[in-house]
Amino acid sequence: MDQFLETFLNWEYIWQVFPDLLKTGLLNTLILAGVSALIGTVLGMVLAMMGLSTKRWLRWPARVYTDIFRGLPAILTILVVGQGLGTVARDVVGTNPYPLGILALSLIAAAYIGEIFRAGIQSVEKGQLEASRALGMKYRSAMLLVVIPQGVRRVLPALVNQFIALVKDSSLVYFLGLLASQRELFRIGQDLAANTGNLSPLVAAGFVYLVITVPLTHLVNYIDKRLREGKKVAQSPDDELELAVRP
């Protein structure tokens with residue numbers, strides 16, 4: 001037991017690594033996940049609209065893209081983009097792997113978010129679109145103003161879950177060889193663990209991941225519960241009196 005505590009819960013190493021985890025690792029993890037989520041959301045919406053198109057030349061490329069990036073392991077995509085495109089895009093990004101790591105995570109996120117959006121849009125009753133068209137709205141306006149907002153609202157929990165997955169997948173950018181100032185949570189914990197031969201810094205990194213993901217998980221559950229139950233509307237005293245005397 002003492003050996004276990006010494007290996008995984010050595011408080012000297014945990015306190016030693018915490019400043020870097022909070023100052024550098026947490027910031028870079030949130031940047032990697034946040035920027036990738038933003039780019040992935042935009043690309044995902046484009047993929048969703050392409051996938052719902054009646055035109056094959058739009059629908060099939062979206063389907064192929066989604067199948068490829070959902071089928072490949074995330075680490076393989078990151079290595080192919082980070083190292084493969086690194087030689088091609090060296091004139092643009094230089095030797096900095098940070099933008100390529102964000103690009104790889106964005107491409108992965110877009111495939112999953114696109115499917116989330118597509119499922120959400122398809123879940124909206126066809127009558128919504130037909131009613132909008134009957135009121136004189138053009139197809140594009142009806143989709144943008146009526147159908148898509150309802151679809152996005154229904155998949156909010158799934159979108160938050162995808163952000164949680166991005167937070168965890170950001171640790172894989174470690175394989176691209178980040179600079180000292182670009183290290184995310186896992187890289188900082190792994191570096192000190194390698195230097196000391198002790199796994200306590202990785203345990204500390206895992207704790208910070210939990211601080212991010214556990215509240216988001218409960219947020220997902222809260223959003224899902226609110227969407228299922230709906231928002232309660234406060235009744236006026238007159239309404240309550242009318243309900244009380246109604247036979």
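A network of salt bridges (each a side-chain nitrogen of Lys or Arg within 4 Å of a carboxyl oxygen of Asp or Glu) links Arg63, Asp67, Arg70, Glu115 and Arg118. The structure is a predicted model, in which local features need pLDDT of at least 70 and side-chain atom pairs count only at pLDDT 80 or more, while totals for chains, interfaces and linings use all residues. Residues are numbered from 1 along each chain as its sequence is written, and side-chain values use heavy atoms, with hydrogens and water left out.

In total, 7 salt bridges are found in the structure. Helices here are DSSP runs of H or I of at least four residues, numbered from the N terminus. Asp67 has a relative accessible area of 45% and is partly exposed, a class lying between buried (under 20% relative accessible area) and exposed (over 50%), as computed with a 1.4 Å probe on protein chains only. Arg63 is likewise partly exposed, at 28%.

A further salt bridge joins the side chains of Arg154 and Glu125, at 3.3 Å from N to O. This pair links distant parts of the chain, 29 residues apart: Arg154 lies in helix H8 (residues 139-154), and Glu125 in the loop between helix H6 (98-122) and helix H7 (126-134). Arg154 is partly exposed, with 37% relative accessibility, and Glu125 is partly exposed at 44%.

The side chains of Asp191 and Arg187 also meet in a salt bridge, with an N to O distance of 3.0 Å. Asp191 and Arg187 are separated by about one helical turn because they stand 4 residues apart in helix H10 (residues 185-196). Both Asp191 and Arg187 are buried.

Two packed helices are described by the angle between their axes and the distance between the axes. Helix H2 (residues 11-52) packs against H6 at an angle of about 45°, and the axes are 5 Å apart. The axes are lines fitted to C-alpha atoms, for helices over the stretch in contact, with angles running from 0 to 180 degrees between N-to-C directions. H2 is therefore oblique to H6; angles under 35 degrees count as roughly parallel, over 145 as roughly antiparallel, 65 to 115 as roughly perpendicular and the rest as oblique.

Key:
Helices (H or I, at least four residues) and strands (E, at least two) are DSSP runs, numbered from the N terminus.
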